[in-house]
Structure formats: C-alpha cells, structure tokens
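Subject: Handing over the structure

Dear colleague,

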Amino acid sequence: MNRLSREKSPYLRHAAHQKIDWHPWSDEAFEKARKEDKPVFLSSGAIWCHWCHVMAKECFENEGVAKLLNEHFVSIKLDRDERPDIDRRYQHAVSAMGFGGGWPLSVFLTPDKKPFFGGTYFPPEESLERPGFKKVLKAVADFYLSKRETVSEYSRKIMDSLRTKPVTEEGEIKKSFSDEAVMKILTQFDTSNGGFGTSPKFPAPGATELLINKYHFTQMESLGYAVRKTLESMAKGGFHDQIGGGFHRYSVDEAWTIPHFEKMADDNAWHLRNYIDAYAVLGDGYFREVAEDTIHFLSNVLSDPEGGFYASQDADVTPDDEGGYFTWTDEDFKKALSIEEYRALSLHLLHKKSSMHHDLSKKVLFIANDPEKISKKLGMDLQKATEIIDIGKKKLLHERNKREAPTVDKTMYTSLNGMLISAYLKAFRVMKDPFLKEFSLKSLKRIMNSHFVKNELFHTQGIKALLDDYIYLVEALIASYEVTGESSYLNDAEDLMKLCLGKFWDQEAGGFFDTDEEVLGIRLKGIEDIPHPSANSLGIMLLLKLYYITQNKKYQDYAEKALMFFSMLTKDMIIHSGYYFCALDAYFQMLKLTLQTAPESQLAETALSSFRPYMSIVYGDDKACVIPCLQDVCYDPVFSSDAMKDFLLRH
C-alpha cells in the first residue's frame, strides 16, 4: 500500500495498491523532488473516467512503468473533482503545449510546479499513433537532466501564457447582443441529429437554456424546432439511459447513439433544468417523462436518503468491458423478456447501429422505433404496444439491477449539491411533487451544517471552497427562499454572496476569479460553459436577482460591471458561453413578483409554477395579491390565479 491509502478521495484510494510511490498533492512531494533533483509526474483523473482506469491497468500496474516512475520521478496522483482548480490550470497548460486536454491528464513538472511536457492517455508501448509511456518516461527524464535551462525557460513561458490577460476594451451592455448570439448558435445547430457541432458531441445546457427562453418570448419556430429536436434526440439516444434514467457524459458520435458512460451530477442537474423548462414552454409530455426519469436516477443512485447528492457514477465496472453494465446482447433480451415483449423491445431499443466497438454483440439501447411504429409493425393497438414496452423496460431494469454496478463516488461537493438542489426546486415548482421540495431543503440543511463552518465554506471536507461552491450554493438558497418565503434562506444567500464578493471579485476589472487566492501563481476568470454554465454567468444572474429582491443597488452595479467585462470575450465563444447571454437577457427582462400572500396559497402556487424566464420572487405582507414589476415599472396588483396566468402570458 502507498500513501494514497490514507486519502478521502475514492479515486486516490483506488491507486493505493499500486507499486508506484504515489504522493497526494502536497508540499511534501515537491520538497522531495527538490531534494532529489527529480521532475514530478502528475496524473490527474477521476473515479468516473474510463481511460483513467485503462491507463491505470495498462501502465500504473505495469512493473516496468512503476520502476521507471519510482527511479526517475516523484509521482503525484490528483483527483480532478476534489481539486478542480489545480487540474484546470494544468489542463490549460497541456492545451497550450498543443497536446489537447482531457482525462487522464499526464503532465510533467519542475519541482517548483511548472509544467514542461504533457498529454492525456498513454499506452505502455507505442500504439494507435500514441507514443508508449515507457518511452515517454525515459525521454522526459533524459531531457530534464540534459536540458535544464530549456526546461526552465519553456515552463516559465507556459505559465505566463495561462495568466488572465487584461481586457483592453470594456464592452457594452446591449439587448441586441443576446439576439445576435441566438442567431450564431443556430448556425451551429445540427438539423439532422439535434445538438450543436459534430462528434464527439457534448450537450450545451447554457445555449439550450438561452434558446428555450428566447422561444418563450418570441415564439420563433426556428428556436422551438432547435430546442425540440435537440432535447428529443438526446433523450432518444444511447446518451440517455433508456432503462435507468439519467444521462451519460457525452456522445462519441453525432447522433447521440454511443456515449461515454460515466454519469455526472452536474450534467444531470442541468439536463433536468433544460427538460423541465422545455416542458413548461412547449407543453411536451415526453420532456416531463425524461425529467421524471432523471429525478428517479438521481434519487436512487446519486443521493443519500438522509439528504445530499453524490458526485458521480463510474463509466465501467472494469476497464476491459467498456459500458458493460449499461449494454445488452440479443441473448440478454431473450432471457429477460417474454416472446411478445422481446419482439416489441428489440424493435424499440436493440439495434446494430449501437454495437460496441470491442464486442459487436453488445448494444447500447436507444429508441429507433416509437410505440406507434411498433404497434403497426406487430399489428397490435397502440395502448397494448405501450403497455408491453413499459412492462419490458421494468423487467430489463430488474435484470440489470442484478449486475455488479459501477462505483458511485459518494463525496458530497458543495457546488454539485447547490446545482441539484436548485434543479430539484425548479422541478418542484412545475411538477408540484412535495418530495422534491422536502429533499432539497433537507439536503441544503445538511450541506450548510457540514460545509459552512465558522464563516468558512468548504468544497468538501478539508478543501477550501472555490467560486463554483459559493455561487451554486447561493442559487440554492435563493431558490429555497422563493418556494418557502422563509427569510433565513435569503439572509444566508446574502451573507454568502457578500463573502463571495470579498474573496473572489476582481476589484479592478470586474467579474469573479475562480479561487480566493493564487493557485500555482495564477487566478483565472472564465466565462465558458464547460459544459455546465460558468459560475461567472450564474453569478451575474444571481446578483441581478438579489438586486430585485432586496433593492440593494450595489448588486446591480456588480452585475453591470461583470456584464461589461465579459462582453467582448463572449463574442468569440458564443455557444460556449450561452448562459452569459441568459444573464444579459435577464438584465433587460427581469420580472419581479412581490407575493403578498402565503407561499402555500393558490395564488402563490400559480405564480411559482408558471414558467417565465428571469423571474424574481419576494414575499411581503399578506394582502392576498401579487404585485408584478418589470424592471422599474410596476403594474396593478393581481388578485386571482387566472389574472396571474394572464399577466404572465402578456409579459
């Protein structure tokens, strides 16, 4: 056993049996590298990462590799979920070297933490045009010893390139910018398969949210089609777990058919938000079903019954059988289903197009034929076909539950919990399922009690909070206030936002840094959705909401400063900063509803359950009415649910 056996991270403990003298990220490791005059090898990954497990089995459990690492390097293993701030900087560094990015991240450092060479996955021997890891280790060790000045100079230049460049031109805040962004997003829309861009295809929840919101206001058919096609294609593909609910990380193909199988808390939080909002706007019952299936997965796999959400589910049980838990053979179907169910379910979900590359008999389930087509092909009425499919899917899930399941990382991260609490409360407002509200509030209480200690917020136990943790927890607190009317949630949201502004706000240019102090000599300030919406974009949205709820003008001033700072940057990354344009839209279209009625009243319920983008809720004295204000213009009080619905339709 190496040092990693003492770590909290399941990913680090997973490597504890290896013969490599692994260190966790620590000053001790770099001090050892200095004393022994060795370069550092840093491997960054996560418990959910398929290729991390592959490289672990092929390389880190290889005696020859272990010997090379132990003789020539000080080796550090990093959990990118536990320390995303460190991982993010080295990802940027490896990208700056021209080697791309991703996990596992393999990067070589000087003893003063500067990167000078890197990559991602390496096989042990040369393969698939990738250099063998043994050869890489020997070459890097020789290069470090013989070209020390070159290493020092190159690593310094790489680190300098990562520092946030000062913005020389402060942008404007124009309503038209979000309309222009929508048009540019539509130029990247895949009309055949839904989504944006080509393979590998990642979801773009920020851009999708922007299209949903714009469609609500404009009813432009092109927007409605893009939203519907994207969400239907994602939901019917193998990217969506057709049996157990929830979504995988991304699709390796353009048609959402073959996924990378890991399931992440942040991805599913934002998918839930997109499907709930699309259901509210488009009225498509299928989107509600997908949202319900996602909640089912989150509640059964990624949450603790006592409150709180887990981080992820691994892609695989073993690296040799990619997606084995989630895939099916024809024989599997025959064993699990009756003859009639087999005929229907194989038409519905089991197709050659989704065969796995390593074993063509194994298929990813995706919907190629809907119940209407199946009923016609099998000569039965639609209701019977639908019933057979539903029964068959339950049998398949029952059978799958007998398999050994991939590992669940039960670490509770503040940011991920904030995302899912907010998503559950959004779903509660539309679905009106009391479980969603109760579990959200219970989870929020647990996170506040365990992760907010003596006025200090933590990412997870022992790790200081990052910007994402503050922002997403503030959103969860505001969402909790809006559904309960309890002022304690709003007070906590304000307290946390004030701490956040004090720790992360760039006093000179505006916007939030990702850390409260320099990490590797750098503070980053990003606006990219990677892939979930950036903390800066959401931070702007929350500052605007707090301004309308509290009427504290300082919040609006901060929001305006950030909108101006990022205005020029976002023009070149439209689809990758989609949520920034939601925040920009909110600046011009925020609706404030003052509920002068009890939170459980029918009038309040109507206001809360009615979808309208960019809406802030504040509670006042009970006068059995709602006072709506659009920016600085207030309208006559609304006294009935019907009048509330009518007002929201017109505004």
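In helix H14, which covers residues 339-349, the buried residues are Glu341, Tyr342, Ala344, Leu345, Ser346, His348 and Leu349. The cover over these buried residues of H14 includes helix H13 (330-336), together with H15 and H16. Please bear in mind, here and below, that this is a predicted model.

Another helix to look at is H3, made up of residues 50-60, where 8 of the 11 residues are buried, so that the rest of the structure largely encloses this helix. The buried residues of H3 are His50, Cys52, His53, Val54, Met55, Ala56, Cys59 and Phe60.

In soluble globular proteins, nonpolar side chains tend to be buried together. In this model the largest nonpolar core has 132 residues, and the members that touch the most others in it are Met497 and Phe512. The element that gives the most to this core is H19, with 12 residues. If we leave aside the neighbours within four places in sequence, Met497 is in contact with Ile471, Val474, Phe512, Gly539, Leu542, Leu543, Leu546 and Tyr555. Apart from this core lies another one, of 35 residues, and Tyr11, Cys49, Met55 and Leu137 are among its members; Met55 is also one of the buried residues of H3.

When the lining of the largest cavity is divided by class, 17 residues are nonpolar, 4 are polar and 9 are charged.

The second largest cavity holds about 70 Å³ of space, and its lining consists of Gly238, His240, Asp241, Gln242, Ile243, His248, Phe261, Phe326, Val364, Leu365 and Arg400. Here the classes come to 5 nonpolar, 4 polar and 2 charged residues.

The elements that give two or more residues to its lining are helices H10 (221-236), H12 (285-301), H15 (371-378) and H16 (382-400), and you will remember H15 and H16 as part of the cover over the buried residues of H14.

Finally, please look at a sheet. Its 4 strands form an open sheet with mixed pairing, in the order E17-E16-E18-E19. Which strands stand at the edges? They are E17 (615-619) and E19 (633-634), and each has a single partner strand, so one side of each is left without a neighbour in the sheet. Strand E18, residues 625-630, pairs with E19 in the antiparallel sense over 2 bridges, and Leu630 has Val633 in E19 as its bridge partner.

With best wishes

Technical notes:
Residues are numbered from 1 along each chain as its sequence is written. This is a predicted model: local features need pLDDT of at least 70, side-chain atom pairs count only at pLDDT 80 or more; totals for chains, interfaces and linings use all residues. Side-chain values use heavy atoms; hydrogens and water are left out. Buried means under 20% relative accessible area, exposed over 50%, partly exposed in between (1.4 Å probe, protein chains only). Ala, Val, Leu, Ile, Met, Phe, Trp, Tyr, Cys and Pro count as nonpolar, Asp, Glu, Lys and Arg as charged, and the others, Gly among them, as polar. On a 1 Å grid over the protein atoms alone, a cavity is a set of points where a 1.4 Å probe fits but cannot get out, and a pocket is an open set with protein on both sides within 12 Å along at least five of seven lines; lining residues have an atom within 4 Å of a point. Grid points are joined across faces, edges and corners, and a volume is the space filled by probe spheres set on the points. Two strands pair if DSSP finds at least two bridges between them. A nonpolar core is a set of buried Ala, Val, Leu, Ile, Met, Phe, Trp, Tyr and Cys residues joined through side-chain atoms within 4.5 Å. Contact means heavy atoms within 4.5 Å.
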